[in-house]
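Please look at the structure below with its pockets and its ligand in mind.

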Amino acid sequence: MPHKDRLILALDLNDPDHALEVVDKFSEWVTTFKVGLELFSTAGPEIVRKIHDREKKVFLDLKFHDIPNTVSRAAVQVARLGVSMFNLHASGGYEMMRRTRDAVVETCLKENIPRPKIIAVTVLTSISEDEFRNEMGFQHGIRTHVRHLASMANEAGLDGVVASGHEVSSIRKKHGKDFIIVTPGIRPSWSPPDDQKRTMTPRDALRNGADYLVIGRAVLAQKNPLEAIDLITLEILSS
Ligand code: C5P
């Protein structure tokens with residue numbers, strides 16, 4: 001895969017005009033832009049259309065987590081927007097994932113539209129092992145939980161998962177090369193972790209087997225974002 005297809009730039013911004021300026025500015029380095037809760041809450045579906053007008057792909061990161069009927073119906077609307085990828089929480093359960101997949105496949109076939117990749121969020125990269133056990137009350141570790149959720153997503157017919165760089169190699173080993181792994185919490189050696197706990201450098205995440213790297217603040221919060229993306233691109237090329 002060309003290096004610019006591996007990078008997904010997170011447009012964690014609240015001004016649609018600024019977001020589109022960022023898309024234009026990084027167009028040479030990035031194929032897919034991530035629209036998440038903040039931007040979608042202010043700019044709505046229109047921002048997705050405007051990014052598509054610029055011939056760029058959109059990963060719609062709304063992390064659906066609700067009952068099967070609600071998520072599958074929302075997912076059909078997302079598919080109609082033409083995004084290349086969207087996500088839901090694997091912890092919403094097997095039925096929620098399966099019904100979402102079936103509804104999206106059926107709609108795309110019926111309406112002759114390309115089917116978006118459906119990706120399951122496993123355990124957020126901002127959660128530490130300590131929080132996972134002591135706040136959330138799990139008896140087992142994050143890695144075991146992520147493996148379990150990834151298997152459930154695979155059985156439900158989803159295309160892949162969002163997982164931290166620390167869990168990538170075991171998921172890759174178990175589910176093979178076609179199962180998509182999207183990795184956020186990416187931090188080059190020169191950038192601070194912020195609120196992310198299970199971070200990894202771009203090079204290590206790719207070496208472990210990640211397909212796509214989601215990058216936000218390591219580029220957009222830097223003094224010189226273009227220099228930051230250049231450094232990350234070089235790191236990707238050398239991995
Ligand atoms: O700025 P930073 O690179 O930490 O941003 C990561 C982006 O990836 C954010 O937009 C966040 O919502 C998203 N994300 C994440 N962890 C997940 C799924 C998505 O950090 N499990």
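By class, 15 nonpolar, 9 polar and 8 charged residues make up the lining of the largest pocket, where Ala, Val, Leu, Ile, Met, Phe, Trp, Tyr, Cys and Pro count as nonpolar, Asp, Glu, Lys and Arg as charged, and the others, Gly among them, as polar. The model is predicted, so that local features need pLDDT of at least 70 and side-chain atom pairs count only at pLDDT 80 or more, whereas totals for chains, interfaces and linings use all residues. Residues are numbered from 1 along each chain as its sequence is written, and side-chain values use heavy atoms, with hydrogens and water left out.

A pocket here is an open set of points on a 1 Å grid over the protein atoms alone, where a 1.4 Å probe fits and protein lies on both sides within 12 Å along at least five of seven lines, and its lining residues have an atom within 4 Å of a point. The largest pocket has a volume of about 600 Å³, a volume being the space filled by probe spheres set on the points, which are joined across faces, edges and corners. Of its 32 lining residues, Asp-12, Lys-34, Asp-61, Lys-63 and Gln-196 lie nearest the centre. Helix H3 (37-43), E3, E8 and helix H11 (217-220) each supply at least two lining residues, and E3 gives the largest share, 3 residues; helices (H or I, at least four residues) and strands (E, at least two) are DSSP runs, numbered from the N terminus.

The ligand takes up the space of this largest pocket, in the sense that more than half of its atoms lie within 2 Å of the grid points. Strand E3 (57-64) and strand E8 (212-215) are the elements that give two or more residues to the shell around the ligand. Among the 16 residues around the ligand (a heavy atom within 4 Å), Asp-12, Lys-34, Arg-187, Gly-216 and Arg-217 come nearest. The shell divides into 7 nonpolar, 3 polar and 6 charged residues.

A polar side-chain atom of Arg-187 lies 2.8 Å from an oxygen atom of the ligand, while for Arg-217 a backbone N or O atom lies 2.7 Å from a ligand oxygen atom.

Methods: Polar contact = N/O pair within 3.5 Å; in protein donor to acceptor, adjacent residues only side chain to side chain.
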